[in-house]
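Here is a short briefing on one protein model. Please look over the sequence and the structure before reading on.

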Amino acid sequence: MASTDKTPKLGLNQWAAGDRVLRTDFNADNAKIDAGVAENARAAAAAHTLAAAQGGQIVCGTYRGDFTVNVITRVTLGFHPQGVLATRDGAFPQNYSGFALRGHDVLTEQQWTLRITETGFEVQ
């Protein structure tokens, strides 16, 4: 028997106490995760290729937020970025990291956490 519940984004197994855990369920979950990572890598490579083809450049910097919940912080770069990569410093970057592309925000289960603006990006 597969798990009773599934995660909302990837449909990964979430077992209830009475569920039977199967190796095949883990293998299926690993395949979904692997495919998701491969797609993110493909999107990042495509963004880099597009930026290079348009004579763009890669700009690196740091931003340190205070992780205040439901507060939008605007970071002004002075240009409209093709993509923004943000990671959480320290702990596992579960809900505070991602790679946003124009028109493709980084989302959690409830809301966006990173999105590109005309002059930079926003985090919440």
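The points below cover the fold, the sheet, the core, the surface and the salt bridges.

This is a predicted model, in which local features need pLDDT of at least 70, side-chain atom pairs count only at pLDDT 80 or more, and totals for chains, interfaces and linings use all residues. Residues are numbered from 1 along each chain as its sequence is written, and side-chain values use heavy atoms, with hydrogens and water left out. Of its 124 residues, 24% count as buried.

**Overall fold**

- Along the sequence, the elements follow the pattern β-β-α-β-β-β-β-β-β.
- Helices (H or I, at least four residues) and strands (E, at least two) are DSSP runs, numbered from the N terminus.
- Buried means under 20% relative accessible area, exposed means over 50%, and partly exposed lies in between (1.4 Å probe, protein chains only).
- Among contacts with a separation of 6 or more, 37% link residues 24 or more positions apart. A contact means heavy atoms within 4.5 Å.
- The protein exposes about 8,900 Å², and carbon and sulfur atoms supply 54% of that area. Accessible areas come from the Shrake-Rupley method with a 1.4 Å probe; for residues, only the protein chains shown count as cover.

**The four-stranded sheet**

- Four strands form an open, antiparallel sheet in the order E3-E8-E7-E6.
- E3 and E6 stand at the edges with a single partner strand each, so one side of each has no neighbour in the sheet.
- Two strands pair if DSSP finds at least two bridges between them. In general, strands of a sheet pair through backbone hydrogen bonds, either parallel or antiparallel.
- Strand E6 (residues 106-107) pairs with E7 in the antiparallel sense over two bridges. Leu-107 stands opposite Trp-112 in E7.
- E6 and E7 form a hairpin, with four residues between them.
- E7 and strand E8 (residues 120-123) run antiparallel and are joined by four bridges. A hairpin of two residues links E7 to E8.
- Across this pairing, Leu-114 has Val-123 in E8 as its bridge partner. Arg-115 has Glu-122 in E8 as its bridge partner.
- Why is strand E7 (residues 112-117) largely enclosed by the rest of the structure? Five of its six residues are buried.

**Nonpolar core**

- A nonpolar core is a set of buried Ala, Val, Leu, Ile, Met, Phe, Trp, Tyr and Cys residues joined through side-chain atoms within 4.5 Å.
- The largest one has nine residues: Val-75, Val-84, Ala-86, Ala-100, Val-106, Leu-114, Ile-116, Phe-121 and Val-123.
- Strand E4 (83-86), E7 and E8 each supply at least two residues of this core.
- Apart from neighbours within four places in sequence, Val-84 is in contact with Gly-98, Phe-99, Ala-100, Leu-114, Ile-116 and Phe-121.

**Nonpolar surface patch**

- Leu-10, Ile-33 and Val-37 make a nonpolar surface patch of about 250 Å².
- Patches are made of residues with over 30% relative accessible area and no salt bridge; like charges are joined within 9 Å, and nonpolar side chains (Val, Leu, Ile, Met, Phe, Trp, Tyr) within 5 Å.
- Ile-33 lies in helix H1 (residues 23-53). Ile-33 is partly exposed, at a relative accessible area of 38%.

**Salt bridges**

- A salt bridge is a side-chain nitrogen of Lys or Arg within 4 Å of a carboxyl oxygen of Asp or Glu. The count comes to three.
- Glu-39 and Arg-42 meet in a salt bridge at 2.7 Å, N to O. Both lie in helix H1, three residues apart, about one turn of the helix.
- Glu-39 is partly exposed at 40% relative accessible area, and Arg-42 is partly exposed at 48%.
- Arg-74 forms a salt bridge with Glu-122, with the closest N and O atoms 2.9 Å apart. Arg-74 lies in strand E3 (residues 73-76) and Glu-122 in strand E8, so this pair ties together parts 48 residues apart in sequence.
- Arg-115 also forms a salt bridge with Glu-122, with the closest N and O atoms 2.7 Å apart.
- Salt bridges that share partners join Arg-74, Arg-115 and Glu-122 into one network.
- Is Glu-122 buried or exposed? Glu-122 is buried, with a relative accessible area of 6%. Arg-74 counts as exposed at 57%, and Arg-115 as partly exposed at 25%.
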